[in-house]
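The sequence and structure are shown first.

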Amino acid sequence: MSKRNVRRKKGVRDTIVRFAIVRHGLTQANVERRYISYTDDSILPQASEELGPLRRALAHPAPILYTSDMRRCRETIAYLRPRDSREASVDTRLREYDFGMWEGLTYNDLKEEPQYRKWLDDMSSVQPPRGEPWQSFCTRTAHVWWEILRNARAQIRTVPEQSGVARTQNRPLRTSRNRKARIRTDRFVQGASGRMARPDVLVVTHGGIVRRLHTLAFPRKSFWEAAAPIGGGVMITAKRCARKWVFLRAERFPSL
């Protein structure tokens with residue numbers, strides 16, 4: 001009997017894994033439409049109103065957690081996941097693109113500057129003064145995405161079918177509580193557009209990073225097309241096959 005037939009007989013299937021890549025809550029700089037990367041702003045008190053649907057969507061079950069080290073992201077994940085946010089992996093590679101000398105400025109402040117206008121037309125070949133080269137941004141975000149995928153592969157495993165239903169679950173996470181989190185693929189978020197399954201992996205980060213991770217999963221999507229609303233993001237559904245990931249679809253998250 002071939003290995004392929006043995007796998008089918010045991011009921012082992014490719015695993016569906018859902019990644020929620022979300023943008024932090026509202027800050028004063030967002031209200032003023034300023035470019036910020038390394039400015040360590042807090043979210044505003046009214047951010048909780050916008051984050052409410054997202055918090056309900058993430059109530060259960062406990063996903064694998066990641067966050068940027070910036071205050072606005074750490075405060076967001078603390079609001080979204082009050083019981084286990086301290087267990088999130090904090091990664092500096094999830095920081096926003098570094099705007100250099102344009103930090104804290106607005107479009108109106110910069111619109112007459114030739115270098116800024118060129119940057120808007122082609123970010124890959126023009127960088128802000130003392131800002132981050134586009135290739136460096138691409139490299140660090142690719143590395144953190146690969147690590148998230150690798151950890152998801154290691155921590156989420158398929159268990160044999162029972163009563164004709166394939167299930168997935170987490171392996172024990174390396175956390176201070178060392179608790180065993182389970183993924184239930186039959187739990188859904190109810191929204192106006194229908195039901196959306198809850199995520200297995202949550203990443204709280206910045207607008208530019210949401211766009212970038214979206215385009216890493218779906219290269220045909222342009223950076224500017226991959227919009228990331230404040231307090232929302234994208235749910236990426238992927239199939240974890242034996243040796244690779246197959247990205248199936250991306251949807252706005254939460255479904256409102």
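## Helix 7 against helix 8

Helix 7 crosses helix 8 with right-handed geometry. The model is a predicted one. The two axes run 10 Å apart, and the packing angle between helix 7 and helix 8 (residues 207–217) is about 70°. Angles of 65 to 115 degrees count as roughly perpendicular, and helix 7 and helix 8 are therefore placed in that class.

On the helix 7 side, the contact is formed by Phe137, Cys138, Arg140, Thr141, Ala142 and Trp145. Helix 8 contributes Gly208, Ile209, Arg212, Leu213, Leu216 and Ala217. By residue class, the contact of helix 7 with helix 8 holds eight nonpolar, two polar and two charged residues.

## Helix 3 against helix 4

Two packed helices are described by the angle between their axes and the distance between the axes. For helix 3 and helix 4 (residues 71–80), the angle is about 55° and the axes are 10 Å apart. That angle makes helix 3 oblique to helix 4. The crossing of helix 3 past helix 4 is right-handed.

Four of the residues in the contact of helix 3 with helix 4 are nonpolar, three are polar and one is charged.

## Arg55

Arg55 belongs to helix 3, which spans residues 47–57. Is Arg55 buried, partly exposed or exposed? Its relative accessibility is 32%. Buried requires a value under 20% and exposed a value over 50%, so Arg55 counts as partly exposed.

Beyond its neighbours within four places in sequence, Arg55 is in contact with Tyr79, Leu80 and Pro82. The side chain of Arg55 comes to 3.4 Å from the backbone oxygen of Tyr79. Between Arg55 and Ile77, which lie 22 residues apart along the chain, the C-alpha separation is 9.2 Å.

## Backbone exceptions

Most residues other than glycine have a negative phi, and most peptide bonds are trans. Arg33 has a positive phi, near 60°. Arg33 sits in the loop between helix 2 (28–31) and helix 3, and its relative accessible area of 70% makes Arg33 exposed. Arg130 also has a positive phi, near 60°. Arg130 is located in the loop that runs between helix 6 (114–121) and helix 7 (134–155). With a relative accessibility of 75%, Arg130 counts as exposed.

Which two residues are joined by a cis peptide bond? They are Phe253 and Pro254, and omega there is about 0°. Pro254 falls in the segment after strand 10 (245–253).

## The protein as a whole

The protein contains eight helices and ten strands. It has 256 residues, of which 49% count as buried. Among contacts in the protein with a separation of 6 or more, 68% are between residues 24 or more positions apart.

Definitions and conventions: Residues numbered from 1 in each chain as written. Predicted model: local features only at pLDDT ≥ 70, side-chain atom pairs only at ≥ 80, totals over all residues. Heavy atoms only, no water. Helix = DSSP H or I, 4+ residues; strand = E, 2+ residues; numbered from the N terminus. Buried < 20%, exposed > 50% of the residue type's maximum accessible area, 1.4 Å probe, protein only. Contact = heavy atoms within 4.5 Å. Polar contact = N/O pair within 3.5 Å; in protein donor to acceptor, adjacent residues only side chain to side chain. Axes fitted to C-alpha atoms, helices over the stretch in contact; angles between N-to-C directions. Parallel < 35°, antiparallel > 145°, perpendicular 65-115°, else oblique. Left-handed = near helix turned anticlockwise from the far one by under 90°. Nonpolar A, V, L, I, M, F, W, Y, C, P; charged D, E, K, R; others polar.
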